[in-house]
Amino acid sequence: MIFVILCETTIVTTATAPAKRSRAPARRARPPRADADAVTTRPARRGDLPHVVAIDAAVTGIAKPSYWQSVFRRYGNGGQAGRQFLVADAGGRVRGFIIGEVRDWEFGSPPCGWVFAIDVEPDYRLAGVGARLLAAICAGFRRAGVTKVRTLLARENTLVLSFFRSQGMMAGPFIPLEMDLES
Ligand SMILES: CC(C)(COP(=O)(O)OP(=O)(O)OC[C@H]1O[C@@H](n2cnc3c(N)ncnc32)[C@H](O)[C@@H]1OP(=O)(O)O)[C@@H](O)C(=O)NCCC(=O)NCCS
């Protein structure tokens with residue numbers, strides 16, 4: 001069985017990242033090559049997709065260009081209809097991305113923002129890029145009229161859990177359930 005954890009936080013303001021509530025679990029070295037101050041966030045463009053595919057492949061070990069094309073068709077619309085596909089841009093090259101959308105009444109919940117994916121290129125980690133991406137998507141959710149953001153993550157992904165916890169997200173009210181479907 002695969003376990004997942006559901007985290008959520010209340011979006012307080014459109015201008016700032018959610019308040020940090022916990023410290024990182026361990027001291028880590030800062031990345032030597034990244035110029036994180038030069039990174040800006042913006043909506044994804046079709047030409048960004050090769051970089052997105054490469055970052056995802058570096059994290060997961062699998063290149064999925066067709067999958068990312070279909071994600072772009074659904075979310076790469078410049079933030080329409082509560083859908084957001086944002087990238088962290090350093091001098092025209094994508095170094096990270098985040099994807100999410102506002103969903104209405106899923107699981108009986110009032111409309112809220114969901115973050116489905118976040119990835120930062122290894123050389124650009126630990127420099128605030130992930131926090132900037134999350135702040136940007138939360139600002140978009142707030143503009144879309146919601147005050148809560150949620151995400152799901154694998155229980156063993158302690159890196160992503162540490163990141164979301166550091167940004168103020170905590171366990172939410174839902175429990176993930178699953179079962180194998182016999183043929
Ligand atoms: C999680 C991730 C997005 C964080 O991006 P990042 O740019 O390094 O994050 P930030 O620099 O903004 O870090 C913000 C906070 O997160 C926490 N954090 C980030 N990386 C951490 C690590 N390696 N260990 C512990 N805490 C960490 C820290 O509290 C950090 O704040 P601090 O630097 O002041 O201590 C990035 O590590 C990543 O892409 N990991 C792989 C993601 C993945 O598995 N995606 C697939 C599932 S969606």
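Of the contacts in the chain with a separation of 6 or more, what share comes from residues 24 or more positions apart? The share is 71%. Keep that in mind as you look around this predicted model.

**Whole chain.** Start with the cartoon view. The chain has four helices and seven strands. Trace the elements from the N terminus: they run β-β-α-α-β-β-β-α-β-α-β. Now color by burial. Of the 183 residues in the chain, 34% are buried.

**The core.** Next, select L86, A88, F97, I98, L133 and I137. These residues have the most contacts inside the largest nonpolar core, which has 32 residues. Which element gives the most? It is α3, with eight residues.

Zoom in on L133. Leave out residues up to four places away in sequence, and L133 touches T41, L86, A88, G96, I98 and I118.

**Helix α2.** Move on to α2 and select W68, V71 and Y75. These are the buried residues of α2. Turn the view until you look down the axis of α2. The buried residues fall within an arc of 55°, so they line one face of the helix. What covers them? The cover includes α1, β3 and β4.

How values were computed. Residues numbered from 1 in each chain as written. Predicted model: local features only at pLDDT ≥ 70, side-chain atom pairs only at ≥ 80, totals over all residues. Helix = DSSP H or I, 4+ residues; strand = E, 2+ residues; numbered from the N terminus. Buried ≥ 20, exposed ≤ 12 C-beta atoms within 10 Å, placed from the backbone. Contact = placed C-beta atoms within 7 Å. Core = buried A, V, L, I, M, F, W, Y, C linked by C-beta atoms within 7 Å. Arc of directions from axis to C-beta.
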